[in-house]
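Work through these exercises with the model open beside you. Try each task before reading its solution.

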Number of protein chains: 2
Amino acid sequence: MARPRSFDEDQVLDTAMCTFWANGYESTSTRDLCQALGLDRSSVYNAFTNKRELFKRALTRYMDTTTADQVRILDNHELPAIERIRALFAKILQTEAANRRDGHGLGCLTVNTTMELAGRDPEIGLMLARDTERRIISLSAAIRCGQRDGDIGSTRDPAELARFVNAVIAGMRVAAQGGADDATIAAIAATAMDALA
Amino acid sequence: MARPRSFDEDQVLDTAMCTFWANGYESTSTRDLCQALGLDRSSVYNAFTNKRELFKRALTRYMDTTTADQVRILDNHELPAIERIRALFAKILQTEAANRRDGHGLGCLTVNTTMELAGRDPEIGLMLARDTERRIISLSAAIRCGQRDGDIGSTRDPAELARFVNAVIAGMRVAAQGGADDATIAAIAATAMDALA
DNA sequence: CGAATTCTGCACCGATTGATGTAAAAAGGA
DNA sequence: TCCTTTTTACATCAATCGGTGCAGAATTCG
């Protein structure tokens, strides 16, 4: 009944996500974006309304995939809780190593966006807060599990420990963007595990 | 012999520092800056060459004052090393609490700049790396001290522990910008101390 | 009081920003 | 095949960006 789209929406969102991830929101122009996407601006505006809406879609996609990945690791009851958390750190290390460009990591889109926009854009701030909460819940559950089974010795409140692990992960992202190498970031994770045992 | 300046250079640098701190480098326009400074653009360009040079001066000023503060705490040999690190965390908490605006912290200019520019501006990346190294050295020394005196039980390499503490601090900044309250951030710091004892 | 020199205020520059309008192109339904 | 509908390509918009040029104001030195 009408002319069909020449692009796949999910594929466009993936590319947009990577572009925003690498360059940030403000310093990614819609022209840069369209060049990366191989699309005309009118097509993008027609499909995604405006830059901010497109970013929110890309951010949502990032959180849906990445956080789901992390939650899957944390909810795997076949492993002792402490091993699940170790696996979570390993996952962070692995993606951070894979995304390194000229000695600097890309960090994580949610952390990057928290720094750039959370204080200035309440709606995006809320999206990020919800995503953090989702990860905290999963982390807390795993930690409570580990405390019960004895493989996590710390008697601190599971939610506090979860916030700690989350903060360390953010710190690892910052270190990666500052140019820290794999071994350094791995050592940060290993040391953080000491606080749980 | 010539018309004198109508402003104090250090005072201007302080205001510029705060403006960049609150809004980031890219999204602080030279016009915003000049309004905050109460100066005309030509005066600023005349005194500081261009926006990037002004930012570098402001960043240097921030690092000189803030890092010096932290180093002073860490080098105070009248306290046991573990207490010095506790005092360092307390200092972070205090400034983070003081700088909160509508529920979001300002974080730290060096962390913010690392996220925004370190990967894209090698010279600024180097300035940040040097500042980090300076803090790591002071941290390492204090930690080595604590290991010798027995108040730090962890047998990990002091440099590794220093990087860990540094990463946790960065994580606390991120949490603050994400809207975490004082108690949450304090708990992160307290948990990090567990990894040292 | 001039002369020399620097700083300030204002206008202006080209480039780039996010966003829109318009007309042709591409498909399906009758 | 023609009509309807959506997408596409291209031009263009006002606003803002960092940066500059220039004339006048303000100061010290002679």
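## Exercise 1: The cavity

About 50 Å³ of space lies in the largest cavity. This is a predicted model: local features need pLDDT of at least 70, side-chain atom pairs count only at pLDDT 80 or more, and totals for chains, interfaces and linings use all residues. Residues are numbered from 1 along each chain as its sequence is written, chains are lettered from A in the order in which they are written, and side-chain values use heavy atoms, without hydrogens or water.

**Task.** Find which residues line the largest cavity, and which elements they come from.

**Solution.** 
1. A cavity is a set of points on a 1 Å grid over the protein atoms alone where a 1.4 Å probe fits but cannot get out; lining residues have an atom within 4 Å of a point.
2. List the lining: B:Thr30, B:Leu33, B:Cys34, B:Val44, B:Tyr45, B:Asn50, B:Lys51 and B:Leu54.
3. Assign elements. Helix H2 (30-37), helix H3 (41-48) and helix H4 (51-74) of chain B each give two or more residues. Helices are DSSP runs (H or I, at least four residues), numbered from the N terminus.
4. H2(B) gives the most, with three residues.

## Exercise 2: One side of a helix

**Task.** Which residues of H3(A) are buried, and what covers them?

**Solution.** 
1. Apply the cut-offs: buried means under 20% relative accessible area, exposed over 50%, partly exposed in between (1.4 Å probe, protein chains only).
2. In helix H3 (residues 41-48) of chain A, the buried residues are A:Val44, A:Ala47 and A:Phe48.
3. They cover an arc of only 75° around the axis, so they sit on the same side of H3(A). The arc is that of the directions from the helix axis to the C-beta atoms.
4. Recall the helix geometry. An α-helix has 3.6 residues a turn, so residues three or four places apart point the same way.
5. The cover includes helix H1 (9-23), helix H2 (30-37) and helix H4 (51-74) of chain A, with contact meaning heavy atoms within 4.5 Å.

## Exercise 3: Positive phi

**Task.** Where does A:Thr49 lie, and is A:Thr49 buried or exposed?

**Solution.** 
1. A:Thr49 lies in the loop between H3 and H4 of chain A.
2. Its phi is positive, about 70°, although A:Thr49 is not a glycine.
3. A:Thr49 is exposed, at 54% relative accessible area.
4. Now try chain B. B:Asp102 has a positive phi near 35°. B:Asp102 lies in the loop between helix H5 (81-98) and helix H6 (109-118) of chain B. With a relative accessible area of 72%, B:Asp102 is exposed.

Note on methods: On a 1 Å grid over the protein atoms alone, a cavity is a set of points where a 1.4 Å probe fits but cannot get out, and a pocket is an open set with protein on both sides within 12 Å along at least five of seven lines; lining residues have an atom within 4 Å of a point. Grid points are joined across faces, edges and corners, and a volume is the space filled by probe spheres set on the points.
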